[in-house]
Number of protein chains: 2
Amino acid sequence: MKVALLGPEGTYTHQAAASYFEDLETDYCSTIRDVFNSDTEVKFVPVENSLGGGVSDTVELLKSGDDTVTAEVRLQIQHALISDEDSIEDIERIKSHPQALSQCQNLIEEHGWEKEETGSTAAAVEQLEEGEAALASEIAAEINDKNILETSVQDTDSNITRFFVLNGDPEPEEKTALVLEPGEDRPGLLHAMLSCFAGHQVNLTHIQSRPTKRKLGEYYFYVEADAAGEKLQDTIDCLETYAEVQNLGSFSVLGDET
Amino acid sequence: MKVALLGPEGTYTHQAAASYFEDLETDYCSTIRDVFNSDTEVKFVPVENSLGGGVSDTVELLKSGDDTVTAEVRLQIQHALISDEDSIEDIERIKSHPQALSQCQNLIEEHGWEKEETGSTAAAVEQLEEGEAALASEIAAEINDKNILETSVQDTDSNITRFFVLNGDPEPEEKTALVLEPGEDRPGLLHAMLSCFAGHQVNLTHIQSRPTKRKLGEYYFYVEADAAGEKLQDTIDCLETYAEVQNLGSFSVLGDET
């Protein structure tokens with residue numbers, strides 16, 4: 001299936017997409033906005049991301065567009081140490097995306113390596129020079145025919161990134177992503193809106209406020225509810241008495257530790 | 001004053017810090033984690049950021065450390081087109097941080113420039129070659145002695161980044177940052193906690209849920225309340241009946257459009 005996603009080849013986005021789609025045919029884009037603007041119907045975007053931005057761009061582009069969320073894919077981020085060298089002893093410099101460097105501080109400090117920042121983890125592998133290593137996905141090492149000197153070198157193992165599939169095949173639905181836009185702000189308004197979830201016994205698994213950008217201090221809320229379909233309809237009807245409600249789609253959750 | 005902040009010199013973080021601190025003496029760090037670990041007492045970190053990550057690292061490091069928020073600084077991000085060339089006609093390639101490239105798509109498409117991603121906007125200016133331009137802050141052009149071909153080239157003007165000053169001089173306090181950690185999850189729990197804000201007529205200006213990383217599906221909430229000091233004490237007492245409450249500090253808001 002042809003899918004628009006954030007490039008270059010070999011990023012964690014690529015790895016996560018390859019785990020979800022059979023016969024993945026990639027349409028690489030250089031920004032999340034480009035993914036949303038792509039003519040390719042099915043898209044794959046980070047929504048809660050610890051590497052390389054994502055969540056705020058994705059939420060805003062979901063809100064302003066008409067794509068439908070059809071699945072959530074989770075990936076445990078595990079950085080590999082990748083090089084042209086054969087031995088870790090020959091490494092003097094380490095390069096990667098700033099957040100990957102930040103997540104592997106123990107290893108870097110232990111060896112006293114010089115650090116260099118790149119625009120993506122995959123770009124670090126492509127730009128490897130003598131005496132250098134990169135922190136990136138194992139798929140990036142394979143693609144670029146480099147050596148993996150060590151796997152899973154990050155400081156902690158709790159680093160999970162969530163992705164959304166947009167406009168994909170329907171799956172059994174467990175969760176729903178909503179935008180709530182009250183159009184005013186007063187103390188207690190969020191509390192009032194959440195009474196709909198509490199009253200109908202629907203759990204929230206994610207909430208964030210975002211500025212509307214129309215007026216300073218005016219917010220909308222991006223929420224994910226642990227329900228879909230008929231089970232959520234009363235909640236949505238209740239929410240509509242307080243705010244404009246945009247249903248971004250219902251989806252199942254797939255991947256690591258779900 | 002000596003301040004730890006995200007480098008390199010010439011990023012928007014640098015520009016925002018220079019607008020707040022008189023006699024700024026910089027201690028540049030390469031990641032947000034390094035800023036928090038710096039021996040320099042006063043720190044300056046992005047908290048709601050549209051460029052180069054920030055918010056999730058900052059919230060987690062505030063939660064796990066003992067730094068105190070003392071001010072919020074806002075900066076309207078305006079990208080300048082920076083080059084060694086004298087004329088926009090001589091540009092064939094544009095380089096910058098992926099999010100800056102994404103925010104200047106109209107200009108880039110109009111000229112059909114090739115794009116190259118860098119780890120920061122400032123790095124793009126440092127790495128300029130013949131026929132290239134960078135998207136970065138005006139301060140980056142000054143520092144590197146480059147030409148500014150055009151100012152404010154971003155697609156829209158609504159791009160404001162918020163920064164926190166940590167451990168700075170006390171100021172009149174308007175807002176308070178809190179972490180609420182309920183230690184359990186059940187439908188209606190967030191609604192119950194927010195009843196404290198609603199009941200005591202305190203407005204929330206920001207909310208986000210974050211995974212605790214201890215257990216999948218367990219969350220804590222990062223909130224900013226539009227009150228401080230005695231006016232917030234009853235609310236905090238009320239919140240403590242539902243959750244562990246961590247007060248990250250009270251602060252005033254300074255900068256663009258506040």
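A charge is said to sit over a ring if NZ of Lys or CZ of Arg is within 6 Å of the ring centre and within 35 degrees of the ring normal. Keep that in mind for the last group of points below. Please also note that this is a predicted model.

**Chain A as a whole**

- Chain A is built with nine helices and 14 strands.
- Taken along the principal axes, the box filled by the C-alpha atoms of chain A is roughly 65 × 40 × 30 Å.
- Of the 258 residues in chain A, 59% are buried.
- If you look at contacts in chain A between residues at least 6 apart in sequence, 74% of them join residues at least 24 apart.

**Surface and charge**

- Chain A has an accessible surface of about 10,600 Å², and carbon and sulfur atoms account for 39% of that surface.

**Aromatic pairs**

- Over all chains, the structure holds eight aromatic pairs.
- One of them joins Phe21(A) and Phe44(A): the ring centres are 6.0 Å apart and the planes meet at 75°, so this pair counts as edge-to-face.
- Phe21(A) is in the loop between α1 (12-20) and β2 (25-29) of chain A, while Phe44(A) is in strand β3 (residues 42-48), so the pair links distant parts of the chain, 23 residues apart.
- Phe21(A) and Phe44(A) are both buried.
- Phe164(A) and Phe251(A) also pair, with ring centres 5.0 Å apart and planes at 55°, so this pair is tilted.
- Because Phe164(A) belongs to strand β10 (residues 160-166) and Phe251(A) to strand β14 (residues 244-255) of chain A, the pair ties together parts that are 87 residues apart in sequence.
- Phe164(A) and Phe251(A) are both buried as well.

**A lysine over a tyrosine ring**

- In chain A, the charged end of Lys63(A) sits over the ring of Tyr220(A), at 4.5 Å from the ring centre.
- In chain B, Lys63(B) lies over the face of Tyr220(B), and here the distance to the ring centre is 4.5 Å.

Terms used:
Residues are numbered from 1 along each chain as its sequence is written. Chains are lettered from A and ligands numbered from 1 in the order in which they are written. This is a predicted model: local features need pLDDT of at least 70, side-chain atom pairs count only at pLDDT 80 or more; totals for chains, interfaces and linings use all residues. Side-chain values use heavy atoms; hydrogens and water are left out. Helices (H or I, at least four residues) and strands (E, at least two) are DSSP runs, numbered from the N terminus. Buried means under 20% relative accessible area, exposed over 50%, partly exposed in between (1.4 Å probe, protein chains only). Contact means heavy atoms within 4.5 Å. Accessible areas come from the Shrake-Rupley method with a 1.4 Å probe; for residues, only the protein chains shown count as cover. Rings of Phe, Tyr and Trp (its six-membered ring) pair if their centres lie within 6.5 Å; planes under 30 degrees apart count as stacked, over 60 as edge-to-face and the rest as tilted.
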